[in-house]
Number of protein chains: 4
Amino acid sequence: MSERAYKITVIGAGSTYTPELVEGLIDRHESLPVRDLTFVDINEDRLQNLTEMARRMIKAADLDFTVTPTTDRRRGIEGADFVLNQIRVGGQPARIRDEKMGRRHDVVGQETTGPGGFAKALRTIPVALSIAADIRRLAPDAWMINFTNPAGMVTESLLRYGEIKVMGLCNGPYGTQVQIARVLDATPERVKMDVVGLNHLSWVRTVYLDGQDVTDRLIDMMVEGLRDHDDSFDASLIANLRMVPSGYLRYFYHQQDVLAHQREGGKTRGEVVWEIEQNLLEQYRDPELCCKPPLLAKRGGAYYSTLAVSLVDSIANDRQDVHIVDCRNTGAIADLPDDVAVEVPAVISGHGAQAITAGHLPWSIRGLVQHVKAYEELTIEAAITGSERAALLALLNNPLVPDWSTAQALWKDILEENADYLPQFTRGREAVTA
Amino acid sequence: MSERAYKITVIGAGSTYTPELVEGLIDRHESLPVRDLTFVDINEDRLQNLTEMARRMIKAADLDFTVTPTTDRRRGIEGADFVLNQIRVGGQPARIRDEKMGRRHDVVGQETTGPGGFAKALRTIPVALSIAADIRRLAPDAWMINFTNPAGMVTESLLRYGEIKVMGLCNGPYGTQVQIARVLDATPERVKMDVVGLNHLSWVRTVYLDGQDVTDRLIDMMVEGLRDHDDSFDASLIANLRMVPSGYLRYFYHQQDVLAHQREGGKTRGEVVWEIEQNLLEQYRDPELCCKPPLLAKRGGAYYSTLAVSLVDSIANDRQDVHIVDCRNTGAIADLPDDVAVEVPAVISGHGAQAITAGHLPWSIRGLVQHVKAYEELTIEAAITGSERAALLALLNNPLVPDWSTAQALWKDILEENADYLPQFTRGREAVTA
Amino acid sequence: MSERAYKITVIGAGSTYTPELVEGLIDRHESLPVRDLTFVDINEDRLQNLTEMARRMIKAADLDFTVTPTTDRRRGIEGADFVLNQIRVGGQPARIRDEKMGRRHDVVGQETTGPGGFAKALRTIPVALSIAADIRRLAPDAWMINFTNPAGMVTESLLRYGEIKVMGLCNGPYGTQVQIARVLDATPERVKMDVVGLNHLSWVRTVYLDGQDVTDRLIDMMVEGLRDHDDSFDASLIANLRMVPSGYLRYFYHQQDVLAHQREGGKTRGEVVWEIEQNLLEQYRDPELCCKPPLLAKRGGAYYSTLAVSLVDSIANDRQDVHIVDCRNTGAIADLPDDVAVEVPAVISGHGAQAITAGHLPWSIRGLVQHVKAYEELTIEAAITGSERAALLALLNNPLVPDWSTAQALWKDILEENADYLPQFTRGREAVTA
Amino acid sequence: MSERAYKITVIGAGSTYTPELVEGLIDRHESLPVRDLTFVDINEDRLQNLTEMARRMIKAADLDFTVTPTTDRRRGIEGADFVLNQIRVGGQPARIRDEKMGRRHDVVGQETTGPGGFAKALRTIPVALSIAADIRRLAPDAWMINFTNPAGMVTESLLRYGEIKVMGLCNGPYGTQVQIARVLDATPERVKMDVVGLNHLSWVRTVYLDGQDVTDRLIDMMVEGLRDHDDSFDASLIANLRMVPSGYLRYFYHQQDVLAHQREGGKTRGEVVWEIEQNLLEQYRDPELCCKPPLLAKRGGAYYSTLAVSLVDSIANDRQDVHIVDCRNTGAIADLPDDVAVEVPAVISGHGAQAITAGHLPWSIRGLVQHVKAYEELTIEAAITGSERAALLALLNNPLVPDWSTAQALWKDILEENADYLPQFTRGREAVTA
């Protein structure tokens, strides 16, 4: 249907994920022809490294689209058809500080869930909104696809305040689909999932194989499997819940185990990723390398290439097919307000993502989702207004923060550790420190 | 994906529409292989006629699925994979009586809108529910596709009380899509419509061409066209409404013209169709005829074949694509209760139709939709319970019935004219005739 | 509790109702001490007449609060504690023109319902909002009580856009309570009513006598009474509806009778009132008259004095008692948006009116209420923005306007007849006259 | 208004609270004349003790209503006008076991909040429903006032499944009102509170003094006071929250302090109350004692007499005044379903409690309320069905239970400790113990 070739701009292109994305664009170049792939990053060294890596991959595929690196975000965005946002404000070091801060206070220290995700949201949302401001001015018809975590809150702030076309994407649900397919001994395409919830806080309520409800069978098989090898969730939890939880729900459902493990010390996930990334960046420098290296699989972004490019393709070609994305609720989940972001199956077409109606959440998950959404609203408010009051109340509302004294202590720490990345809180202080 | 061949049962197969459907099944036999096509009708002559016509068509297409005629509904339903409901309780004569009753009381006399549609609902809903009862017992996994009018109310009563898998289909929205495509000089496939409302009471809020919003341009073009040739709606109405109304909205928006035209006498639409049908049935008897005759196009069911078979195919092959159907609201239209039927774009897969979120209706149509929905609820209640009180209150709530005295007079007439088809009202009379 | 004396300002004090109000204030002066009663009107003659009448009444009651007449609205509002709004933009002549316009087009011609109420809303809402602007500046803590019709739409526009403390009051529900008490042979105080709906579009769902539900008994008695003497509603209507409708519902439920009566010609209600008013104004000029004359009872504002003053008293003395008022819905009626005005029992205290939860409307009235509310929203939009498109769509959505051609014809007439009172539509014309 | 004298039945009349109640009935005997006060209890000794105490009080007041003790609940309920439910299934010993179980698992061990409240709900709800069954049969017009904790869940189960007239009452909000009045140096009557939430999980959003909003002033004064003497909440918490939380919110907001205090050992609140009660029961045996002794004030039911009797009086005399009670939500709190119990200001009349609309909860409390409500729904389901799955999921959803392993351990303990009181779980075990 589409006859044009696109300008696709990647913000944060210095990410080690980028070759995944390039591979995806190469694979789908027939239905999604690329004119120019613009790479934006503030780290010149990584920008150059990834640009060359991408060019080698494209050349090896015998394709001819250009890769344009730039540290000037505005120039990069100008005239783009799609803007892929994969920034990480403060880099892995900021993430590692978040993780360690959690450990210090004996609460879950994690990238996107708990106080770590809170700190990341405060650092990231203002930058995401400034990117949106550039898009409004320089590429007002462009679609932004946001992968930056915490993807739910970042996407919601863009949906509410960005005044651009945007949807958010996470590879988590597809990971679950692959896992379920494996249990059912089927290809992922034969599996359809009724997923409900928020980003990193979602559950598969019903599983269909070739259109038939196989949830009970699947749950029984999963429980059987977990009984032998209890690696993520207790068999008894799944047996009672009778839904498939996102892996991130481990931080809630098995909080004590997570804390016990944290107390043992050892490297944080951020530290592990950091080492993998240094190694990957080194590999990318190899002028002989022209396809993504096996190590990338350990980085954690499995299926990123497939999903992101497939989503762009659905928009570009007005496909009206179903993807699980982060989008405006608009009544899809009856227990949440209309204007918040949810992670549910949505129809993707040239005019965006429309959530499919999901009805009421079961009581067994409704309260947690609503509680976390309240925390998210307060976090977004804090990120945008720089209100310490909102920040403190956000932390108080995070179910992984046990109480007010912990919230206060965490907030003191977060402010200090992120001084360079939270200008909104130093400009005008309205917090009440009674 | 699917490897099995299906048993498809058509209730009311003596309809002159049936060759449309057969053509559709022939065209799509590769993705939707049919094992047996069972024809059920209470009219043996028409059943035989259509069965032979269908067999000739299938043979001419060099296909081998059987056509099994039966007047025993239960036998016909037993083991079916799909049950297509296209009954007409009381036949065209009952419809013609409805139309004439409207004329007598100087209110809109029409098949599905106004008091005619009310009478048809009372005749049809109990029969539809008895078909559902057969399906529950004899083909519990079958999907019913309901085409029988008033499709919204019949489908809603099945969704609420039928305890079967069911969705409703109307060819109206696709007709509108074809019309819009013609105005835009594009193929219908390039057009996507944001349709909202109820069956025969819907509006296209937004029109997309290749994913781009072209509503304003389209409305301007339509207004221009209507100014020259005002055949359905006043140009000024469309110019102010800025949406594309279903053709049936003419009965509301141009009620005075409709009444003036009625007062002129002349044949009713039912009488015209009746003649066409007699002619068609005669043609079908021709042992040489093995494809649908041109006259069928005048019968009024354009695209029926494409739409119905495509819908069955989406279910059978778990396609997860978008069709405009009559299905459970579940919050799709925020201004209506969850458990009513609406006509909106929905995702069709092996597990059914899930409405896509549509948000709030604009105020310019919200009240009318809510008013008609209240009328529909009361009508369904009357049809099921045989409550004359509900029947009278339903008529009072139909916006085409001016007031209580008209409602009373109409009800008296409807009861008399439909004595044979409304046993629920004669069994136990609870109406209050103060 | 309260020890202060109040300044109460009456806008439109030249109304013949005013002695009612003065009587009420005299009767309740102990709990509601008045410091100054300021009368504002644009008609100096009537202002003077009513001022002197009021002074005589106060003197006869041996009270000492001042009556201050002024044609300067701002001066009148300055420092007020309560502002009672009883203006009539265009006076009775404008109302009479509205009534006659209805007759010309053979639609209901009435002060507040149908196109007459629509025209009145367009004339009145901008003036009400300009009074609100004065209050914001000159008496920001004042409460406005709005009696001006159409009280529902005027109050809603003030609630939404006035940024003042406001509630609306209509004497209709209390009139119904008195009527019901009479049927039950009880004092009105023993009767409690579960009233739901909008101003002039409400129903008593349940009637309690000394706390006991007596609805069925009451309905049966009313039906019996109506059978003998069918003066307002058909006995059969009430028998089936099983609720007590507001008298104004006659325009919907017995539209044909109303139209038949209109066609007979005869004086309009406005013309009758006009004559009574001239007579009353003449009586008020009598320097011997120091209490309200019997003729006032025919004017139509029964109980106005009791209700208005009692409401002011509840606010002034923070009584937290229940009155039926026009106030923000906030979920009281589940089938309407939060921010619209409804007419329901509300708790009145020093901080205003809070609606009591009423749940869902029965289907037998839900659709009509929602339809009329849609019409009201479009009317308010038209009144404020001067959008002819909104005006036309509002008329199209009034259930008493049969269709688009009637809406167009009415709008042409309304604009012409009210040229002096609708500056918002002549300043900037955006209507589409295709 | 009322001329009859009432039969009031107290279930659990052996409670040490009972003299409070008797005092209240004596004080208000003019507007609420009592014919017979029936005392029901399963403990004959306490029943006799309290009966004699009550008789002495009534005699001392020179009144003549009878006190009828009985251990036969059915006889006690027969013909009652009001049934006051103040049972404690398992008595203080069960409560003390709940508290200690909390301590063992290092989670909050408390009567109504956390897993203690959960165990109490499971013991109590079936008994409350069996009382309702008796009322349906033997006193179908009676009103039940429930004081039994956890009052929110017990009342909700009665509202949903009891099929009787019922509302719940807690003295907590009035205690807060008295406290606020003290800070404002005013009588409680001058204070009105906008309270929202659930029983033992509520906040005063706005405080009015003589109808004026004084929230900011009050909060500032409270913060000042707390800075000097931090006895319940941190000053900084109140300063940021800017609402007045129920004292029970300390278990959430200062969970760590509560746990630290628990770890110190010492008597539980139940043990303290137990001793007070033994002492009180001893005092009640004194044939000279004819008024409630000072020690009762330490028992914890302050204002119980005033509130309970005042509520009964409002119903009996159809007062339509405002009380803060536990009643059906029906949209009062927009963020909760219609059919759950909430604790909000409601209008009390002869036909019951109707919640006043409260709109949306602020985000700072919304999530916690919704989370606890989900826990409550699952708890009620478990209590009624005896589903271990519901029980486990309820515990998992209690924000004071950190995770699944804790939920499992608690459940095991609760089942063992309450074996005699949880027949619903031993009759048919459907839990999944993977």
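**A buried hairpin and a shared surface**

Author: In chain C, strand E7 and strand E8 (residues 201-209) pair in the antiparallel sense over eight bridges, where strands are DSSP runs of E of at least two residues, numbered from the N terminus, and two of them pair if DSSP finds at least two bridges between them. This is a predicted model, in which local features need pLDDT of at least 70 and side-chain atom pairs count only at pLDDT 80 or more, while totals for chains, interfaces and linings use all residues. Residues are numbered from 1 along each chain as its sequence is written, and chains are lettered from A and ligands numbered from 1 in the order in which they are written.

Within this pairing, C:Met193 has C:Val207 of E8(C) as its bridge partner. The hairpin leaves two residues between the strands, and there C:His200 takes a positive phi near 60°.

Strand E7 (residues 191-198) of chain C has eight of its eight residues buried, so it is largely enclosed by the rest of the structure; buried means that 20 or more other C-beta atoms, placed from the backbone, lie within 10 Å of a residue's own.

Turning to the meeting with chain D, the contact (C-beta atoms, placed from the backbone, within 7 Å) takes 24 residues from chain C and 23 residues from chain D. On the side of chain C, the elements that give two or more residues are strands E9 (212-213), E11 (321-328), E12 (341-349) and E13 (352-355). Of the interface residues of chain C, 96% are also interface residues in chain D, so the copies meet through the same surface.

The two copies are related simply: a rotation of 180° with 0.0 Å of shift along its axis superposes chain C on chain D with an RMSD of 0.0 Å, by least squares on the C-alpha atoms of residues with pLDDT of at least 70 in both. That is the relation of a two-fold axis, and in chain C the C-alpha nearest this axis belongs to C:Ile356, 2.2 Å from it. By contrast, no contact joins chain A and chain C, whose closest C-alpha atoms lie 14 Å apart.

Note on methods
Contact = placed C-beta atoms within 7 Å. Helix = DSSP H or I, 4+ residues; strand = E, 2+ residues; numbered from the N terminus. Buried ≥ 20, exposed ≤ 12 C-beta atoms within 10 Å, placed from the backbone.
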